[in-house]
Amino acid sequence: MPLKLRLGNWIGLAAIVVLVDQWTKHLVRGALRNGEVIRVTDWFDLVLAFNPGAAFSLLADQSGWQRWFFVALAAVICGWLLRLLARHQHEFLQPLAFSLIIGGAIGNVIDRFVFGAVVDFLYFHIGRYGWPAFNVADSAICVGVALMILAQLREHRHLQAQEKLS
């Protein structure tokens with residue numbers, strides 16, 4: 001029988017994501033200056049970067065309007081996901097996904113309010129080719145989206161199996 005949690009537990013998980021995200025960003029901001037790099041391995045560095053754009057620095061070169069656009073977009077998405085979270089709170093996979101996305105979105109919105117940009121610090125690379133720097137919030141959002149897709153695929157498969165039995 002799947003683990004059943006209530007709405008408060010799922011919101012608590014989102015809050016934990018926010019806390020871990022903000023704590024790790026605080027540690028990196030205290031240890032590094034903007035643009036400074038600490039090589040950890042041949043393929044991973046810690047780097048302090050402020051991204052005023054979205055994923056892959058989308059719109060980062062704009063005049064500043066994107067800050068409020070991304071804040072508003074995150075608010076709308078979090079509102080929608082909170083409604084879905086309430087509706088699916090006794091399930092497992094979907095509310096887990098929603099909680100991770102909500103926590104990640106709030107973590108990045110806090111950065112936009114405080115710094116005008118999102119604090120990124122995890123940089124994976126092979127030689128000079130690398131993935132754009134990211135953070136705990138970005139990771140939670142990506143894992144959450146992947147879990148949402150997985151949940152939808154499982155639901156679709158379940159519905160197809162039921163139709164075959166009918």
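I take a polar contact to be a pair of N or O atoms within 3.5 Å; within protein, one must be able to donate a hydrogen and the other to accept it, and residues adjacent in sequence count only if both atoms are side-chain atoms. This is a predicted model, where local features need pLDDT of at least 70, side-chain atom pairs count only at pLDDT 80 or more, and totals for chains, interfaces and linings use all residues. Residues are numbered from 1 along each chain as its sequence is written, and side-chain values use heavy atoms, with hydrogens and water left out.

**Gln22**

I looked up Gln22 in helix 1. Helices here are DSSP runs (H or I, at least four residues), as are strands (E, at least two), numbered from the N terminus. Is Gln22 buried or exposed? Its relative accessibility is 19%, so Gln22 counts as buried (buried is under 20% relative accessible area, exposed over 50%, partly exposed in between; 1.4 Å probe, protein chains only). Beyond its neighbours within four places in sequence, Gln22 is in contact (heavy atoms within 4.5 Å) with Gly107, Ile110 and Asp111.

**Helix 3**

Gly116 follows helix 3 and has a positive phi, near 80°.

**Helix 4**

I compared lengths for helix 4 (residues 136–165). Its 30 residues should span 44 Å at 1.5 Å a residue, and the end C-alpha atoms are 43 Å apart, which agrees (the expected span is 1.5 Å times one less than the number of residues). At its start, a side-chain oxygen of Asn135 comes to within 2.9 Å of the backbone nitrogen of Ala137. I listed the buried residues of helix 4: Ala137, Asp138, Ala140, Gly144, Leu147, Met148 and Ala151. They pack against helix 1 (7–31), helix 2 (65–87), helix 3 (93–115) and strand 3 (118–126).

**Helix 1 against helix 4**

The two axes come within 8 Å and cross at roughly 145° (lines fitted to C-alpha atoms, for helices over the stretch in contact; angles run from 0 to 180 degrees between N-to-C directions). Helix 1 brings Val17, Val20, Asp21, Thr24 and Lys25, and helix 4 brings Val136, Ala137 and Ala140.

**Strands**

I then traced the pairing, which requires at least two DSSP bridges between two strands. Strand 1 (residues 37–39) and strand 2 (residues 44–51) pair antiparallel over 3 bridges. A hairpin of 4 residues joins them. Ile38 has Leu46 in strand 2 as bridge partner. Strand 2 also pairs antiparallel with strand 3, over 6 bridges. Ala49 stands opposite Asp120 in strand 3.
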